[in-house]
Amino acid sequence: MNEKSNNPLNIVELSKQYKDVHALKSISLSLKPGEIFGLLGPNGAGKTTLISILTSLLTPTTGTAVIFGQDIQKNSLKARRLVGVVPQEIVSHGYFTVNQVLNFHSGYYGISDNRDQIEYLLEKMALKEHKHKLVAQLSGGMKRRLLIAKALVHSPPLLLLDEPTAGVDVELRNSLWEFVRDLNQKGVTILLTTHYLQEAEELCNRIGVLDEGKLIALDNTQDMIHKLTYRQIKLTLDRPWQNNNASPQVTVDGNIVKAKLSSNEITGEAIKRLAIPIDWIQDISITEGSLEDAFVRLLHQNNGHSRT
């Protein structure tokens, strides 16, 4: 554990068991400094339970979690100062203004004069012109931005984002991710849970997948995609073609032929394998596998389904 003391987060054999539910089952995971890590899983997989443990809202049944060398159970106050969390649910502060909320939250961390950081966050979250409004007057998207500003008011080096763009429009989602990238470039390590797998694919250096409380996969994002997905080649022919090999990896619809390729298969070799005359081919397009494809396959494997 000592050699990992500089890591933003080290989780070792972490479990959470209720009377009838084993929400987390011996999770072990470390975050690397300065990375954006995606934690994926279906509803009920244990993602929010894990976030709640890391923020001291829940006590684990067994195991440890250490944030920048601070054990969350033994040194919970010091650990909490090192992390900011954006919860999945919007918390209402309806009778206070945006500016008041951020000043109050600064005070929770012992910061008496936090004007520079608050002004920076109001600017970045496009809340500056709304800072004197009551929270109750804000739209849902503005409240979501306020949650992010609250999480960052004490300049934490680790940020936990639990479904931060759930229910927001595309424009706001894009602006929030631009801000996340900016934070990451400044050295903030980020743990993200999301159901928007395309975002996770674009943002995250590594991916962990939870299912039924277990960590069933952990890998670099692109490596996970390559290992678990096919590429697809689509050929548009100038005439209909018959698939004489009856391969399940090849589908034919008139003059359109689609074939699945392994991630390392050369396109030319695949065309040669199909034995389609080159002069029949009018157009070729290739679609790479996605994180969503890999995620679905992992869940199928974990639940005993065969490869599709």
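The model is predicted, so local features are reported only at pLDDT of at least 70 and side-chain atom pairs only at pLDDT 80 or more, while totals for chains, interfaces and linings use all residues. Residues are numbered from 1 along each chain as its sequence is written, and side-chain values use heavy atoms, with hydrogens and water left out.

The C-alpha trace of the chain spans about 75 × 45 × 35 Å along its principal axes. The chain holds ten helices and 14 strands, taken as DSSP runs (helices: H or I, at least four residues; strands: E, at least two) and numbered from the N terminus. Of its 308 residues, 46% count as buried, meaning under 20% relative accessible area with a 1.4 Å probe, protein chains only. Among contacts (heavy atoms within 4.5 Å) with a separation of 6 or more, 69% link residues 24 or more positions apart.

Strands of a sheet pair through backbone hydrogen bonds, either parallel or antiparallel. Here, two strands are treated as paired if DSSP finds at least two bridges between them. An open sheet of four strands has antiparallel pairing and the order 2-1-4-5. Strand 2 (22-31) and strand 5 (70-71) form its edges; each has a single partner strand, so one side of each lacks a neighbour in the sheet. Two bridges join strand 5 to strand 4 (residues 62-67) in the antiparallel sense, and I67 has Q70 of strand 5 as its bridge partner. Helix 1 (residues 47-54) packs on this sheet and touches strand 1 (9-17), strand 2 and strand 4. The direction of helix 1 makes about 115° with that of strand 1, where axes are lines fitted to C-alpha atoms, for helices over the stretch in contact, and angles run from 0 to 180 degrees between N-to-C directions.

Strand 3 (residues 36-40) is largely enclosed by the rest of the structure, because five of its five residues are buried. I36, G38 and L40 point one way from strand 3, whereas F37 and L39 point the other way. Strand 3 pairs in the parallel sense with strand 8 (residues 189-193) over four bridges, and F37 stands opposite L191 in strand 8. Four bridges also join strand 3 to strand 9 (residues 206-211), again running parallel; in strand 9, G208 stands opposite L39.

Methods
Buried < 20%, exposed > 50% of the residue type's maximum accessible area, 1.4 Å probe, protein only.
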